[in-house]
Amino acid sequence: MKHNLSKTSIILSLAALVLIVSAGTGFCAADAVQQTGQALPQNSITFHAAVIKFLKAMGGVALSSFIIYAGLTIYNKYFVKPPLDGNSEEDVLKTPHSTDEALTFFIKKNKIK
């Protein structure tokens with residue numbers, strides 16, 4: 001019980017420390033707000049520029065997805081060996097209707113001779 005209490009108190013004190021340290025970043029001085037407002041014009045980013053940036057980002061996502069797909073396809077083709085147990089998906093997904101079929105499937109699946 002004492003061990004759990006000390007862990008709990010350490011976790012709570014770390015959470016309080018993070019809260020106290022990060023609270024100052026949320027409050028800005030009036031000077032910083034005015035300087036930020038002066039640095040950027042009111043309409044610096046237009047809708048067209050935002051759409052272009054979004055399309056570039058989505059193009060990068062599509063390109064990286066294709067590269068990952070092609071890489072995994074090549075990896076599976078050359079480096080992954082096919083299963084040698086001889087069971088096809090039809091055998092695996094087929095429900096046995098009798099005890100003999102169930103025993104035959106069990107023997108084939110577990111390679112019992």
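## Confidence

Across this predicted model, confidence in the protein chain is lowest in helix 2 (residues 30-39), where the mean pLDDT is 55. The highest mean, 93, belongs to helix 3 (residues 47-79). For the protein chain as a whole the mean pLDDT is 76, and 63% of the residues reach 70 or more.

## Fold and exposure

The secondary structure of the protein chain consists of five helices and zero strands. Along the sequence this reads as α-α-α-α-α.

Of the 113 residues in the protein chain, 1% count as buried. The chain exposes about 10,800 Å², and 69% of that area is supplied by carbon and sulfur atoms.

## Nonpolar surface patch

A nonpolar patch on the surface is formed by Ile 52, Phe 54, Leu 55, Met 58 and Val 61. Together these residues have about 450 Å² of accessible area.

One of the patch residues, Val 61, is located in helix 3. Its relative accessibility is 43%, so Val 61 counts as partly exposed, because that class covers values between 20% and 50%.

The structure holds one aromatic pair. The ring centres of Tyr 75 and Phe 79 are 5.6 Å apart and the ring planes meet at 35 degrees, so the pair is classed as tilted. Planes under 30 degrees apart would count as stacked, and those over 60 as edge-to-face.

Both Tyr 75 and Phe 79 belong to helix 3, where they are four residues apart, about one turn of the helix. An α-helix has 3.6 residues a turn, so residues three or four places apart point the same way. The two partners fall in separate accessibility classes: Tyr 75, at 45% relative accessibility, counts as partly exposed, whereas Phe 79, at 60%, counts as exposed. The cut-off for exposed is over 50%.

## Helix 5 and the residue after it

Helix 5 (residues 99-110) has twelve residues, which at 1.5 Å a residue should span 16 Å. The expected span is 1.5 Å times one less than the number of residues.

Lys 111 follows helix 5. The phi of Lys 111 is positive, near 55 degrees.

Methods:
Residues are numbered from 1 along each chain as its sequence is written. This is a predicted model: local features need pLDDT of at least 70, side-chain atom pairs count only at pLDDT 80 or more; totals for chains, interfaces and linings use all residues. Side-chain values use heavy atoms; hydrogens and water are left out. pLDDT is the predictor's confidence in each residue, from 0 to 100. Helices (H or I, at least four residues) and strands (E, at least two) are DSSP runs, numbered from the N terminus. Patches are made of residues with over 30% relative accessible area and no salt bridge: like charges are joined within 9 Å, nonpolar side chains (Val, Leu, Ile, Met, Phe, Trp, Tyr) within 5 Å. Accessible areas come from the Shrake-Rupley method with a 1.4 Å probe; for residues, only the protein chains shown count as cover. A salt bridge is a side-chain nitrogen of Lys or Arg within 4 Å of a carboxyl oxygen of Asp or Glu. Buried means under 20% relative accessible area, exposed over 50%, partly exposed in between (1.4 Å probe, protein chains only). Rings of Phe, Tyr and Trp (its six-membered ring) pair if their centres lie within 6.5 Å; planes under 30 degrees apart count as stacked, over 60 as edge-to-face and the rest as tilted.
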